[in-house]
Amino acid sequence: MEWNPETLNFLSQCFLNTLSPLPEPRRRAEAALAEAADRPNYGLAVLRLVAEPTVDAQISQSAAVNFKNHLKTRWSPQPNDPVQFIVPDPEKEQIKSLIVTLMVNSSPKIQAQLSEALTIIGKHDFPKAWQTLLPEVVATLDKLSQANDYVSVNGVLAMVNSLFKKFRYQFNTNEMLLDLKYCLDNFAKPLLEVFKRTAGFIDQLQASGNANMNALKGYIESQRLCCRIFYSLNFMDLPEFFEDHMDEWMIEFNKYLTVNYSSLEDSGKDGLALVDELRAAVCENISLYMEKDEEAFQKYLSGFVEAVWGLLVVVSNSSSRERLTVTAIKFLTTVSTSVHHTLFARDDILQQISQSVVIPNVMLRDEDEELFEMNYVEFIRRDMEGSDLDTRRRIACELLKGIATNYKQKVTEKVSAQLQSLLTSFAENPSANWKHKDCAIYLVVSLATKKAGGSSVSTDLVDIESFFGSVIVPELRNQDVDGFPMLKAGALKFFTVFRNQISKPVALALLPDVVRFLGSESNVVHSYAANCIEKLLLVKDEGGRARYLAADVNPFLLALMTNLFSALHKPESEENQYVMKCIMRVLGVANVSREVALPCINGLATVLNRVCENPKNPVFNHYMFESVAVLIRRACEQDPTLISAFETSLLPCLQMILARDVSEFFPYAFQLLAQFVDLNRSPLPGNYMDIFAILLLPESWKKSGNVPALVRLLQAFLKKASHELNQQGRLSNVLGIFNTLVSSPSTDEQGFYVLNTVIENLGFDVISPYVSHIWVALFKRLQNNRTVKFVKSLVIHMSLFLVKHGPQNLASSINTVQPDVFRTILEQFWIPNLKLITGSMELKLTSVASTRLICESLSPSDSMIWGKMLDSIVTLLSRPEEERVEEDPEIPDFGETIGYNASFVRLYNAGRKEEDPLQEINDPKQFLVASLANLSARSPGVLPQIINENLEQANQAALFQLCSSYNLRIV
């Protein structure tokens, strides 16, 4: 696209029409621009349009946005669209030569767009493919700051800040260190010069008493951006330049924490927020220096601690200054755990911290109450799920924990006194001072220490049982489930956190009260009640035994389930994941009688029908399907007469999912259908055979995400409809599905699940016409695309074939592919790869199959192949997994994912039960030794010679040790 008056007019008209309120001109303009974007020099032409002074501001703004978006997708190849047009290199060079100057000379709105565009280019090209950028930026920055043009200065600094952020988040590689060195060499000094120059401008303004607020805003924002760039350049390690000039930086940093910029701070929230953002950036920088080099930072430390402390006393009482509060407290926390912790040793300091910093920040504020009422999901995410590390409530407690690492007893004494004071204040006037009690509960919960390797927590602040009885139980016993909801939520959270320490009799006595709170109108309260019950049912005593059993839940099971399902009807809790998770957990523990099961399955079917309209909460949906699966599994296995009622409730829902193409739920629907097929007796009812017919259609298998669940369903059908499988061409269809799955590395294990189920459930007479085709497909894949995962799966499959249909059928069927190819398979494939097998059932299957092969099929006269097979069997049975299996980082752990009969268990409760094809054999080692002893007794003297010639010395010793262990001899 050439730059000429016609191009200018064309682009101007297109961008003008993209702003049209009429859809037709807008669509035409967007289509024309999309077509033009595939031509060389389009990006350059749009950039020149932005620079054109005669063009209307609206058109320029629209063009700047288009230019930025064009670069996002066209500057470098996109992984999801590798064939898309990419900006040619000559055009790239021209854009890079123009963009900095153009950005600096543009209006603020266009400057913002071009700054983003420049950052996009920089992320791909800087510094290696854009060596001219930093020198140009340095010269521009110097010129602009000397000219006092801080709108443009800040535009340039914002762009540099975006470019340098990568030094905070990316791995510390040699390439990254070289990039960092380049940036330090070219920008560390200019950054300091701009920082000092701007500091001088601020000092002049302050000294003159000139309340030029706009100028001061620009200077303060500039210093904030310099601080963020400082943070990026120092993040990996403290560079020599910054250490040499530490005084110049630190003196200014201290000034920004102590000086009051009244013209801005008193002008309203925006001005105060701007100064606070600078102070927060300073706090992050000094925290970084404390962590990186305490020794070099030591001479500035006491001054900074005093400055930060002074700030905190003021800002802790202001709800609008949270970010500054959090970063300031983080700095003090870093100091408290360093070698300079003695700064916090004095009793009066601890008293001040507790009284003036911790308590004001932990005490509930209006915005906390608003979040509790208006956005319960976010409140719970912060409060219960621990994502509030950057909130003032949590960080204030982290400061106490930091000080307690060296002064535990003192902190405990001070906080205990504060707790007593807060609870006394509550007792004097409960309705007015309820927040004081909430503060006390929050402190105890947040300062609790989690024990390593478990969910148990402990605290030295209070005696848990005493505190629970006097402070928490009265709240739980309160009959008004809607009164003081935040206090009730705090009590339920305490019960949940300290559930391991609350004795079983006490907890069981309170469970009916917790069940009552499921009826609270507060979303947080009934969520916390559900979470409390769910977590209680997970408590384990010593030895891993569950503390709470079905007998503990059953007395109030009906009321519990009624209240849980009622909670799902409350506004904004229709898809409450905590309630649904509790339903799932209760159904997994309780004895589900017919009286409970039927209302539950109807309730779950109602919920399922509702969410099918618009699935939007994947966590809730997962727990819902798990609840259905666990109810089917436990209720129907216990009382098979329920199957019909469950099918009546659920099959229409599952059919609706398939009919309406609710694709998110397909895997769930197939797994639940598999459960029903498993529960039915053969022959299967007609409606299931209709589903079987659909399942065998190739179109059903086109979506790869559905394949594991479809395989799970197919396995269920193969087991229950084995007699019908050899009718109407069904077996051919099944083997066609296997062939498609096994040909791809991404689905080959699913193909083996199908094939193994066929081999297990059908006689050799039924499968024999197809066997040679199966081997051809497997050996073709082995030849063309061998992976470790496939090799293991094939050894397991051949082993299963052998134990089900005998070694003779295995050998003869493989030899139909090519005469005597079975021997080649043994030598080149089976024997060398047997040692790779992992997983107890897989190991047993393959070792027993290999043992039968040498004792029933292979002749000892063929001593080399016989001996090598035995050597591999002994390696498999005698050596630890880590010695015989080389780690392959690209292959998932075989024992977990590819195991014999393993299935895709997206729903834990709908998983296929793993069945042992060799239940009659308990010990594969004993089976090997006994088989060898029997064989050797028939031909004495033959086997010892073969063993001596073909087994490694370590394996010979291991074999004789096994013989000794089982008191058997190879003669």
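**Overall make-up.** I counted 49 helices and 2 strands in the protein chain; helices here are DSSP runs of H or I with at least four residues, strands are E runs of at least two, and both are numbered from the N terminus. It's a predicted model, where local features need pLDDT of at least 70 and side-chain atom pairs count only at pLDDT 80 or more, while totals for chains, interfaces and linings use all residues. Residues are numbered from 1 along each chain as its sequence is written, and side-chain values use heavy atoms, with hydrogens and water left out.

I put a box along the principal axes: the C-alpha atoms fill roughly 110 × 80 × 65 Å. Of the 971 residues, 55% count as buried (under 20% relative accessible area; exposed is over 50%, partly exposed in between, with a 1.4 Å probe and protein chains only). I also looked at contacts (heavy atoms within 4.5 Å): among those between residues at least 6 apart in sequence, 74% join residues at least 24 apart.

**Helix pair α18/α22.** I checked α18 (residues 347–362) against α22 (residues 434–446), and their axes come within 9 Å and cross at roughly 105 degrees. The axes are lines fitted to C-alpha atoms, for helices over the stretch in contact, with angles from 0 to 180 degrees between N-to-C directions. So α18 and α22 are roughly perpendicular (65 to 115 degrees; under 35 is roughly parallel, over 145 roughly antiparallel, the rest oblique). On the α18 side I found V358, I359 and V362, meeting C439, Y442 and L443 of α22. By class that contact has 6 nonpolar, no polar and no charged residues (nonpolar is Ala, Val, Leu, Ile, Met, Phe, Trp, Tyr, Cys and Pro; charged is Asp, Glu, Lys and Arg; the others, Gly among them, are polar).

**Cavities.** I ran a 1 Å grid over the protein atoms alone: a cavity is a set of points where a 1.4 Å probe fits but cannot get out, a pocket is an open set with protein on both sides within 12 Å along at least five of seven lines, and lining residues have an atom within 4 Å of a point. Points are joined across faces, edges and corners, and volume is the space filled by probe spheres set on them. I got 4 cavities of 30 Å³ or more. The largest cavity holds about 110 Å³, and of its 13 lining residues D383, R393, D438, Y442 and G490 are the closest to the centre. Two or more lining residues come from each of α20 (376–383), α22 and α24 (485–497). I sorted that lining into 8 nonpolar, 1 polar and 4 charged residues.

**Second largest pocket.** This one has a volume of about 360 Å³. It has 16 lining residues, with E637, D678, R712, G911 and K913 the closest to its centre. I noted α31 (618–638), α33 (666–679) and α35 (707–720) as each supplying at least two.

I found a cis peptide bond joining F126 and P127, omega about 0 degrees, with P127 in the loop between α6 (108–125) and α7 (133–146). The bond from S682 to P683 is also cis, omega near -10 degrees, and P683 sits in the loop between α33 and α34 (686–695). F484 has phi near 45 degrees, positive without being glycine, and is partly exposed at 38% relative accessible area.
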